[in-house]
Every structure is written in structure tokens, then in C-alpha cells.
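Have the structure open as you read.

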Amino acid sequence: MQSLATLDRPTLVSLAQLAEHAERFEDMAEIMKELVMRHKCLETSEIHLLATAYKHVIHRVRIALRVVAEARRQDPAMDNRSVTTYESELETEYERHCTEMLTLLSDYLLPAAQGHDLICLLKTQGDYHRYLAQVTSDESHLALGRQSYSEAYKLAKDSLVTTHAFRLGLALNFSVFIYEVLMAPQEAYDLAYDAFEAATLELDVISPEGSSDHLRETALTLQLIQSNLKLWIADGLVVSR
């Protein structure tokens with residue numbers, strides 16, 4: 001890819017958008033990393049581009065890891081040194097991308113962030129600590145993930161209505177982190193239940209950007225939270241309410 005150092009901000013943004021359309025997400029991530037390191041404070045639309053780029057990069061590596069793991073499970077002959085080495089390389093790549101995103105967040109974006117952008121970035125920080133906690137033995141991601149999610153959720157509850165799709169999505173991710181990573185099922189259930197109940201009681205209160213798309217996103221997120229609540233009750237590890 002061409003040198004990015006000489007490109008101005010609008011050109012970098014346009015190039016990132018083009019890379020997204022071309023599904024060249026690794027290129028998109030490199031472009032957005034250059035933008036972050038150069039300007040530090042991003043517009044909301046630019047934050048979305050950054051999140052999209054790394055989400056897709058991470059997703060593709062995660063799929064590759066699942067394919068390798070499934071191949072090893074189905075065919076014992078695949079469980080050899082070369083396959084193990086390849087799997088290890090994929091895990092290293094996964095960790096590198098996650099760590100890179102966390103560095104961009106902590107060193108560049110979060111110090112200057114305010115308002116809704118701050119909530120979004122803290123949630124993203126929690127997500128990437130969750131990703132690393134699931135694949136590494138570094139227990140620092142447990143406390144750091146909880147801290148990021150907690151700060152984001154407190155700000156969301158102070159500034160967003162209970163039916164806001166982003167607030168509900170944050171509650172969903174935070175509760176999954178608590179259940180699957182921290183292994184505190186009752187705490188996860190209580191958080192998700194409270195978010196679900198508060199929103200369903202005020203479904204007539206839609207956030208200022210309450211378009212039909214936003215309403216659909218709210219409904220979908222509520223369904224996901226409800227599904228988790230049912231699954232967690234079925235697991236027999238929580239006291240239902």
C-alpha cells in the first residue's frame with residue numbers, strides 16, 4: 001500500500017471508506033491507525049470507521065481460529081506440530097490486533113474524548129479487553145475490562161434513555177463479559193435483567209434519533225438480552241427474578 005504519511009486528513013478518510021467498500025479491512029485499519037496517531041481527536045464518523053476496520057480484522061482471524069480448531073477436532077491427523085504452529089501464529093496475530101486497538105484507545109483517543117464518543121470508546125476498550133481475556137492467560141484484562149465497561153455503563157445510564165440502542169448494547173456486552181469471562185453468573189443476570197426491564201417499561205420513550213432503524217436496533221438488542229436471560233436461567237447458575 002502507498003505511503004500514508006504524506007496524505008492529508010480528508011484523503012485518509014476517503015481512502016479508508018474506499019478500503020471498506022473493497023473489503024480490504026487490513027488496509028482500512030492501517031489507514032485509520034495513521035489518522036489516529038496523527039490527529040488523536042477523531043470525529044464520530046471517523047471513530048466508526050476505526051471500529052469497523054478492527055472489528056472485521058479481528059472477526060476474520062477469529063473465524064480462521066475456529067476453522068483450525070474444528071479441523072483438529074474432526075481429524076486427529078491434523079493435530080501435529082505444523083498445525084499447532086499455524087494456530088499459534090493466528091493467535092499471535094489476533095492478540096497483536098487487539099493490543100494495537102487498545103493502544104490507540106488508551107494513548108490517543110480516550111484522553112481527549114467527551115460525551116457520547118467517550119462512552120463509545122470506553123465500550124470498545126472493554127470489548128477488546130474481553131477479546132484478549134478469552135484467549136490469553138493475562139488476568140489484567142479481567143480488571144481492565146470491568147473498569148472500562150463500568151465507566152461506560154455509568155456514563156450511558158446518566159446520559160441515555162433506557163431504550164437507547166447503544167445503552168442496551170453496552171448492557172448486553174457487559175453482562176456477557178461478566179458471565180463468560182469473570183464467571184459471575186448472578187451479577188451478569190442481574191445487570192441484563194435490570195436493563196431489559198427498564199427498557200421494556202419505557203418502550204414508548206425513544207431516544208432523540210428515534211428513527212425506524214433505531215427502533216429496530218433497540219428491539220433486536222432486547223431480544224438478544226432476553227435470549228441470554230433464558231439461557232442463563234436454563235444453565236441453573238442464577239436465581240431468576
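## Ground rules

Buried here means under 20% relative accessible area, exposed means over 50%, and partly exposed is in between (1.4 Å probe, protein chains only). This is a predicted model, where local features need pLDDT of at least 70, side-chain atom pairs count only at pLDDT 80 or more, and totals for chains, interfaces and linings use all residues. Residues are numbered from 1 along each chain as its sequence is written, and side-chain values use heavy atoms, leaving out hydrogens and water.

## The aromatic cluster

Tyr149 is buried, at 0% relative accessible area, and Phe177 is buried at 0% too. Rings of Phe, Tyr and Trp (its six-membered ring) pair if their centres lie within 6.5 Å; planes under 30 degrees apart are stacked, over 60 edge-to-face, the rest tilted. The structure has 6 such pairs. Tyr149 and Phe177 make a tilted one, with centres 5.4 Å apart and planes at 55 degrees.

Tyr149 belongs to helix H6 (residues 140–159) and Phe177 to helix H7, so their pair ties together parts 28 residues apart in sequence. Helices are DSSP runs (H or I, at least four residues), numbered from the N terminus. Tyr153 and Phe174 pair edge-to-face, at 6.3 Å between centres and 75 degrees between planes. Ring pairs join Tyr149, Tyr153, Phe174 and Phe177 into a cluster.

For Cys41, the nearest cysteine sulfur is that of Cys120, 14 Å away. Cys41 is partly exposed, at 44% relative accessible area.

Terms used. A disulfide is a pair of cysteine sulfur atoms within 2.5 Å. Helices (H or I, at least four residues) and strands (E, at least two) are DSSP runs, numbered from the N terminus.
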